[in-house]
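Hi everyone, thanks for coming.

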Amino acid sequence: MALRFFNTYSRTLEEFQPLDPEGKIVKMYTCGPTVYSRAHIGNFRAYIFEDLLQRHLEARGFNVNRVMNLTDVDDKTIRGSRAENLPLADFTAPFKEAFFQDLGTLEIKSPNEFPAATEDRYIAAMIAMISILIERGLAYQADDKSVYYRINRFPNYGHLAHFDLAELRSTGRVKSDEYDKEHVGDFALWKAWDEEDGDVAWESPWGRGRPGWHIECSAMATSLLGEQLDIHCGGVDNIFPHHEAEIAQSEGCSGKAPFVRYWLHCAHLLVEGEKMSKSLGNFLTLPDLLAKGYTGREVRFALLRVHYRAPLNFTWEGLAEARQALSRIDEWLRRLRETARLTSSPNESIERDNFAAALDDDLNISAALGELFEQLRVSNRELDESMKPERALAWLQWWEKINRVLALETSEEKVPPEIEQLVEKRKQARQARDWQRSDELRDNLRDLGWDVRDTKDGQVVTRRAGA
Ligand code: AMP
Ligand code: ZN
């Protein structure tokens, strides 16, 4: 089956074909965090879905050029920096750092670029885009000195969100207390400075001010990936107005449509039926879960295992199930490694591609995991019936391919070669019934942070708790 994704723009499943004439490079933009607090695990549901998408595309031979922005200037970051009495950059820096740390713990691949909105080159790009939009009559400066997008001039406005704006459009000029906009739906491209902004301001042809959130993403995306992209992702809450505005701005400037070929949005992580969000106060961060004894890979698996377009309820049982599923995988790998230890050359390979085929179908992770656990069952039965070392190695190689996409077994969990060597020496000592040497080696391993247990299948090595 061909690779296909559900495109929010058309609301249909579409076969994936990148713009690159050679069909190799995929240009992908994903909206990143607003760095005014630590990202919560709801945000990480979105980033893990995007990571799965990138990894599957790579497994299918594409070369993904991915950009994720950091929103480091907006109402919330400014409010936070004022409350803490810190310059904006000093206020946002630790949250950027914490975000990178969490990405690492969750094994989310680093994008090729992490542009931050406040970098000079992007502020310049935003100003350049707004100037073009004004020239083309798509934007105007209002009496409050802010610059707004004139949505009435962009006929496609509302298409992504499937909103019928006709009624809204016909209402004509609307004055609100807050703004002096021509139309209630017009959104800010450039916000004129006001007292609340403190010393956060840039010079522009329209006076001192700062960019609106939507133009930040259009400018960073087109600066780094060009006027047209293959894939743009985010959570469903980004569809309107954020992504709708990005289309209006980017296509309004370039004159080229579509700005994005495939729009992919993930459903929310919920807590008792409501979106996990900062504003509702029902959120948990990764450190909250680590403090309760869960590991990054357990959290990753819990957030990954449900189809990205289906809402996912956060529960502690869900995390316990993730832990259980991972321990099944770990036990399976331990048995395979124990069996494969006697060989280094597989003379066969496991040709079962249903895992990847399931992901081809709009990232059907449930079917893909179903296939993985089915193959676990099959190969565990082979192990029960005495598997040849070469066959075990072939299964391990099959797993390597799958793990490149799931990233559930990290280098940290893998037993390093020097530890493997000590384990092997201990095995030989035990075969020679040299129990003293065996105990010494166990103590050595313990000092290096590894526990060893003797089972009917041989030694089991695990990282010491807290090591
Ligand atoms: P923000 O920092 O609020 O701009 O959000 C960053 C990303 O996380 C966006 O793609 C949002 O759509 C996404 N997001 C926010 N809350 C949730 C949630 N509860 N579940 C899934 N994605 C979310
Ligand atoms: Zn964005």
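I'll go through some helix pairs, then the ligand, then a few backbone details.

First, some housekeeping. This is a predicted model, where local features need pLDDT of at least 70 and side-chain atom pairs count only at pLDDT 80 or more, while totals for chains, interfaces and linings use all residues. Residues are numbered from 1 along each chain as its sequence is written, chains are lettered from A and ligands numbered from 1 in the order in which they are written, and side-chain values use heavy atoms, with hydrogens and water left out.

Let's start with helices. When I say helix or strand, I mean a DSSP run, numbered from the N terminus: H or I with at least four residues for helices, E with at least two for strands. Axes are lines fitted to C-alpha atoms, for helices over the stretch in contact, and angles run from 0 to 180 degrees between N-to-C directions.

Please find helix α1, residues 41–59, and helix α9, residues 296–304. Their axes are 9 Å apart, and the packing angle is about 80°. That is why α1 and α9 are roughly perpendicular to each other. For the naming, angles under 35 degrees count as roughly parallel, over 145 as roughly antiparallel, 65 to 115 as roughly perpendicular, and the rest as oblique.

Who touches whom here? On the α1 side we have I41, F44, R45, I48, D51, L52 and R55, and they meet V299, R300, L303 and L304 of α9. Contact means heavy atoms within 4.5 Å. In this contact of α1 with α9, seven residues are nonpolar, none polar and four charged. In that scheme Ala, Val, Leu, Ile, Met, Phe, Trp, Tyr, Cys and Pro are nonpolar, Asp, Glu, Lys and Arg are charged, and the others, Gly among them, are polar.

Next pair: helix α2 (residues 75–84) packs with helix α3 (residues 88–105) at about 105°, again with axes 9 Å apart. So α2 and α3 are roughly perpendicular too. T77, I78, G80, S81 and E84 from α2 meet L88, F91 and T92 from α3. This contact of α2 with α3 has three nonpolar residues, four polar and one charged.

Now to the ligand. Which residues are closest to ligand 1? They are G235, D237, N238, L269 and M276, out of 17 that surround it, each having a heavy atom within 4 Å. There are polar contacts as well, meaning pairs of N or O atoms within 3.5 Å; within protein, one must be able to donate a hydrogen and the other to accept it, and residues adjacent in sequence count only if both atoms are side-chain atoms. The side chain of N238 has an N or O atom 3.0 Å from an oxygen atom of ligand 1. A polar backbone atom of L269 is 2.8 Å from a nitrogen atom of ligand 1, and a backbone N or O atom of M276 also lies 2.8 Å from a nitrogen atom of the ligand.

Finally, the backbone. The peptide bond from F240 to P241 is cis, with omega near 5°, and P241 sits in helix α7, residues 239–254. Another cis bond joins A257 and P258, with omega about 0°. E272 is not a glycine, yet its phi is positive, about 45°.
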